[in-house]
Amino acid sequence: MSFKSLAVTVALVFSFAGLALAQASGPYQVQKIQLVGGDGGFDYVTADPDGRILYVARSGPAGHIGVFNLDTLAQVGDIPGTSAHGGAVDTATGHGFATSKPVTMFDAKTFAIIKKIDVEGNPDGYLNDPYNHHFYILSHSEPNITVLDDKDGSILGTINIGGAPEEAATDGRGKIYVDIEDKAAIAVIDADTMKMVGRYDVSSHGGGCAGLALDARNNILFAACREKNNMIILSASDGHIITDLPTGMGCDGVTFNPETMEAFSSQGDGTITVVKEDSTTSFAVEQTVFTPARAKTITLDTKTGNLYLITAEYGPTPAAPAPPAPPAAPTGLTAGTPPPPGGSTEGRPAFMRGPRPPMIPHSFQILVVGKE
């Protein structure tokens, strides 16, 4: 083991001990921090509870999909040459898809690449819908959604929802819900016609929604939003807002456990907000779980109730470059008048704007969170 790897491992041990002390009073704990290492960026992590597999996408020149045993976190496979944001599998068809460009279709048992699929836009988020075995590819640029057939990977159509999609959820009965990050809205899609049939406005309670989960039994949506650092809870049937609750800063994923009736929002500030659904009209923050910073995407193993997140160690944030001198003022304006709000950072908290701290090489890790 190199000195650098040893230093990262020691840091993880002390970090784990500190987290355990901080969380002693809550039911959920960080139970394991698995150092994986390797190069590349990362975004989503996806559990396959039926196959007992965890898919971890890495991006960049060395991009690949790491395949891990869901129970032991031992690596059991790898899909090379795949720089992707994430991926998921359809148990019924035995096929998986990763949001690389082109999209990668792979065998869910052997992890061998079946083919590459050219799509428009920039594949980012995703949803596999067992209702009709369609895989939805989400893109901030048009077309916002590309729909693939899980059986053969053919492109079935595209859907524009008028904004940047972040996370999607299915009710398993023919409706898809997608949060539109830059429009403070939730799109409603008919899975049979592949058309947007509704759009719920949540701007009265916040915006910059980057996480979405669904209680399919009770038709309740949980939208975690960055603008006000809150979770907006609304009816999936008609879009009326039931309530909203505070979360940490910089949410980037939400999941819902129908067995415990809890929604989990993971944030880049190193927290998970646990929201308990006591009834269809009563919700409360049950616990704030502390995690290593930037563990901001989350997935659920529905068979054990454990949560999985991915993160890394980071160095100091580089200094922001000095702002350029203001241009000469056009007629009717004062020099230095700031531009109107907007741009790619709109709706993001301050700590997610500007220069980001560099990732320490080979410090990538998987976190397991569960009940004691």
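Visitor: How many of the residues of the chain count as buried?
Guide: Buried means under 20% relative accessible area, exposed means over 50%, and partly exposed lies in between, with a 1.4 Å probe and protein chains only. Of the 372 residues of the chain, 52% count as buried. This is a predicted model, where local features need pLDDT of at least 70, side-chain atom pairs count only at pLDDT 80 or more, and totals for chains, interfaces and linings use all residues. Residues are numbered from 1 along each chain as its sequence is written, and side-chain values use heavy atoms, with hydrogens and water left out.

Visitor: What is the accessible surface of the chain?
Guide: Accessible areas come from the Shrake-Rupley method with a 1.4 Å probe; for residues, only the protein chains shown count as cover. The chain has about 15800 Å² of accessible surface. Carbon and sulfur atoms account for 56% of that surface.

Visitor: How many helices and strands does the chain have?
Guide: Helices (H or I, at least four residues) and strands (E, at least two) are DSSP runs, numbered from the N terminus. Here the chain has 1 helix and 28 strands.

Visitor: Among contacts between residues at least 6 apart in sequence, how many join residues at least 24 apart?
Guide: A contact means heavy atoms within 4.5 Å. Among contacts between residues at least 6 apart in sequence, 48% join residues at least 24 apart.

Visitor: Which residues does Gly-370 touch?
Guide: Leave out residues up to four places away in sequence, and Gly-370 touches Pro-27, Tyr-28, Gln-29, Gln-31 and Asn-306. Gly-370 lies in strand β28, residues 365–371. Its relative accessible area is 0%, so Gly-370 is buried. The C-alpha atoms of Gly-370 and Thr-304 are separated by 8.6 Å, though the two are 66 residues apart along the chain.

Visitor: Next, disulfides. Which cysteines does a disulfide join?
Guide: A disulfide is a pair of cysteine sulfur atoms within 2.5 Å. The structure holds 1 disulfide. The disulfide joins Cys-209 to Cys-225, with S to S at 2.1 Å. Cys-209 lies in strand β18 (residues 209–215) and Cys-225 in strand β19 (residues 220–225), so the pair ties together parts that are 16 residues apart in sequence. The torsion about the S-S bond is about 80 degrees, so the disulfide is right-handed. Cys-209 is buried at 0% relative accessible area. Cys-225 also counts as buried, at 1% relative accessibility.

Visitor: Which way do the residues of β19 point?
Guide: In a regular strand the side chains alternate between the two faces of the sheet. From β19, Ile-220, Phe-222 and Ala-224 point one way. Leu-221, Ala-223 and Cys-225 point the other way. In β19, 6 of the 6 residues are buried, so the strand is largely enclosed by the rest of the structure.

Visitor: How many bridges join β18 to β19?
Guide: Two strands pair if DSSP finds at least two bridges between them. β18 and β19 run antiparallel, joined by 6 bridges. Leu-212 has Ala-223 in β19 as its bridge partner. The hairpin of β18 and β19 has 4 residues between the strands, and in this hairpin Asn-219 takes a positive phi near 55 degrees.

Visitor: How many bridges pair β19 and strand β20?
Guide: β19 and strand β20 (residues 230–235) pair in the antiparallel sense over 6 bridges. Cys-225 has Asn-230 in β20 as its bridge partner. The hairpin of β19 and β20 has 4 residues between the strands, with Asn-229 at a positive phi near 50 degrees.

Visitor: Where is Met-194, which has a positive phi?
Guide: Most residues other than glycine have a negative phi, and most peptide bonds are trans. Met-194 has a positive phi of about 55 degrees. Met-194 is in the loop between β16 (185–190) and β17 (195–201). Met-194 is buried, at 18% relative accessible area. Arg-294 has a positive phi near 70 degrees. The loop between β25 (282–290) and β26 (298–300) holds Arg-294. Arg-294 counts as buried at 14% relative accessibility.

Visitor: Which residues does a cis peptide bond join?
Guide: One joins Lys-101 and Pro-102, with omega about 0 degrees. Pro-102 lies in the loop between β7 (95–98) and β8 (103–107). The peptide bond from Glu-142 to Pro-143 is cis, with omega near -5 degrees. Pro-143 lies in the loop between β11 (134–138) and β12 (145–149).
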